[in-house]
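Here is a short briefing on one protein model. Look at the strands and helices first, then read on.

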Amino acid sequence: MDKFIIKGGRRLTGEVTISGAKNAAVAILPAVILSDEPCIIENVPSISDVNISLRILEEMGAVVESPANNVYRIDPTHIDKYCVPYETARKMRASYYFLGALLGKFNKARVSMPGGCPLGDRPIDQHLKAFSALGAEYTLSQGMIDLKADSLKGSQIFFDVVSVGATMNALLASVKASGLTVIENAAKEPHIVDLANFLNSMGANIMGAGTDVIKVRGVEHLHGANYAVIPDQIEAGTFMIAAAATQGDVIIKNIIPKHLESITKKLEKIGVNIELYDDSLRVWTEGPLVKANVKTTPHPGFPTDMQPQIAALLTLAEGTSIVTEGVWEQRFRYVDELRRMGADITVNGKVALIEGTGKLMGAPVKACDLRAGAALIIAGLAAQGITEIEDIYHIERGYDCMEGKLKELGADIEKVSIPDKLDDKNDKKAVV
Ligand code: UD1
């Protein structure tokens, strides 16, 4: 079992470079299946979810090489399996992108239902609705989803809820379908645009990604492409908050400021100073932080994946803050852990009331999911004394070299390994 030991109270200062976006990479890697030629994908983050995606591709017959750090050459031309078994799929929620990619390429797919989920109900009805609209039939049995179509035909897809995953899967399954597909009530996150840009760079014809109506005119073939994944907005936001929580002064490099608008605006309200440049920003804090109300909503609203981190920051602010979760049912499971560190938070359904105490105390805590883990790191960096965070495999699913980057900024953080027979960081429950 690995854990982080953080000695809190050190200001973060210096520069940090943001890695490629997890949520874009885990869709772009399966999308390579759709190509008739090898693709080169750059700026791929070194995280365990990416390793799992690459392993799935290899298990299906793709040839994966890494000519340089964070660069992968993937040759999908030898893929001869259309199945992602339970053992692999359960490790990563995003394994559902193999459904759309395999269906789009081979008109068939067999993927295990994604694994355990700590954020409440995680239905995939909207994904299935999109596949059906394109002409696929599905069966669910023994935990496997089977998709089959004689051919895929462009269609009208109207989503009942705004879903990132379903929008991505609709794109993957429709790029090669005959005729026009219109996806309405589509998600607008930057990673949707990134997937669409990648597919277009392979010869797809997708218009409107980033708006709530996306039009896809099917093409017969997709060719190889060389593409760089966008920077991770959530990693950038997490470092912004870590800097703010420690009264630090940090330059955050390799970002797209537009993707960070909702985070930037909210942090400014809390009293954090931010200066934006072309592809970097400076974030620093002088003086007290003040309360704020935060409601998470789909893009361009405040991202749910930043909710635990900003809640950790608000425990340090003066006054009472209200945080409302608008996407996931159970995203406050980390609150008990923050309470162990002295936070005063009351949760009622989707609303958390945070009485800013201005300080936190180190304590032994457990990461219950990826972003909860990030919030505990932030709390530990700001707290007095020592914080030990267990179950950091959650954090390593989505943050590239978190501990190394924090050390560079002056944090006192160590990763320690404690031998544990059951430990296999890639063999745990799937989460977002
Ligand atoms: C993605 C992100 C995750 C982020 C989430 C919301 C990846 C790999 N994960 O997850 O980090 O927290 O977007 O920004 O990109 N829903 C349905 N039916 C469906 C699908 C979703 O009702 O078929 C509901 C969900 O229960 C949830 C909401 O729609 O309440 C949004 O979920 P969705 O956008 O699909 O999240 P993911 O794509 O799984």
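Does Ser 112 count as buried or exposed? Ser 112 counts as buried, because its relative accessibility is 1%. Buried means under 20% relative accessible area, exposed means over 50%, and partly exposed lies in between (1.4 Å probe, protein chains only).

This is a predicted model: local features need pLDDT of at least 70, side-chain atom pairs count only at pLDDT 80 or more, and totals for chains, interfaces and linings use all residues. Residues are numbered from 1 along each chain as its sequence is written, and side-chain values use heavy atoms, with hydrogens and water left out.

**Buried places**

- Ser 112 lies in strand E7 (residues 108-112). Helices (H or I, at least four residues) and strands (E, at least two) are DSSP runs, numbered from the N terminus.
- Setting aside neighbours within four places in sequence, Ser 112 is in contact with Val 84, Pro 85, Tyr 86, Ala 89, Gly 143 and Met 144. Contact means heavy atoms within 4.5 Å.
- Helix H10 (residues 307-314) is mostly covered, with eight of its eight residues buried. Among them are Gln 307, Pro 308, Ile 310 and Leu 314.

**The sheet with E13**

- Four strands form an open sheet in the order E10-E11-E13-E12, and the pairing is mixed. Two strands pair if DSSP finds at least two bridges between them.
- Strand E10 (156-158) and E12 stand at the edges. Each has a single partner strand, so one side of each is left without a neighbour in the sheet.
- Neighbouring strands of this sheet are turned by 15° against each other on average, direction ignored.
- Strands of a sheet pair through backbone hydrogen bonds, either parallel or antiparallel.
- Strand E11 (residues 180-184) pairs with E13 in the antiparallel sense, over five bridges. Here Thr 181 stands opposite Val 216 in E13.
- Strand E12 (residues 205-207) and E13 also run antiparallel, joined by three bridges. Ile 206 stands opposite Val 216 in E13, and Met 207 has Lys 215 as its bridge partner in E13.
- The hairpin of E12 and E13 has five residues between the strands. In this hairpin, Gly 208 takes a positive phi near 90°.

- Another open sheet has four strands in the order E22-E23-E1-E24, with mixed pairing.
- Strand E22 (364-366) and strand E24 (412-417) stand at the edges. Each has a single partner strand, so one side of each lacks a neighbour in the sheet.
- The twist averages 25° from one strand to the next.
- Strand E1 (residues 2-7) and E24 run antiparallel, joined by six bridges. Lys 3 has Val 416 as its bridge partner in E24.
- Helix H12 (residues 370-382) packs on this sheet and touches E1, E22 and strand E23 (386-390). The direction of H12 makes about 30° with that of E1.

**Helix pair H4 and H6**

- Helix H4 (residues 97-106) and helix H6 (residues 164-174) pack at about 15°, with their axes 7 Å apart. Axes are lines fitted to C-alpha atoms, for helices over the stretch in contact, and angles run from 0 to 180 degrees between N-to-C directions.
- H4 and H6 are therefore roughly parallel to each other. Angles under 35 degrees count as roughly parallel, over 145 as roughly antiparallel, 65 to 115 as roughly perpendicular and the rest as oblique.
- Residues of H4 that meet H6 include Tyr 97, Leu 99 and Leu 103. On the H6 side, they include Val 164, Met 168 and Leu 172.
- The residues of this contact divide into eight nonpolar, four polar and no charged. Ala, Val, Leu, Ile, Met, Phe, Trp, Tyr, Cys and Pro count as nonpolar, Asp, Glu, Lys and Arg as charged, and the others, Gly among them, as polar.

**Helix pair H1 and H7**

- Helix H1 (residues 22-31) and helix H7 (residues 190-201) pack at about 25°, with their axes 9 Å apart. That makes H1 roughly parallel to H7.
- The contact uses Asn 23, Ala 24, Ala 27, Ile 28 and Ala 31 of H1. From H7 come His 191, Asp 194, Leu 195, Phe 198 and Leu 199.
- By class, this contact has seven nonpolar, two polar and one charged residues.
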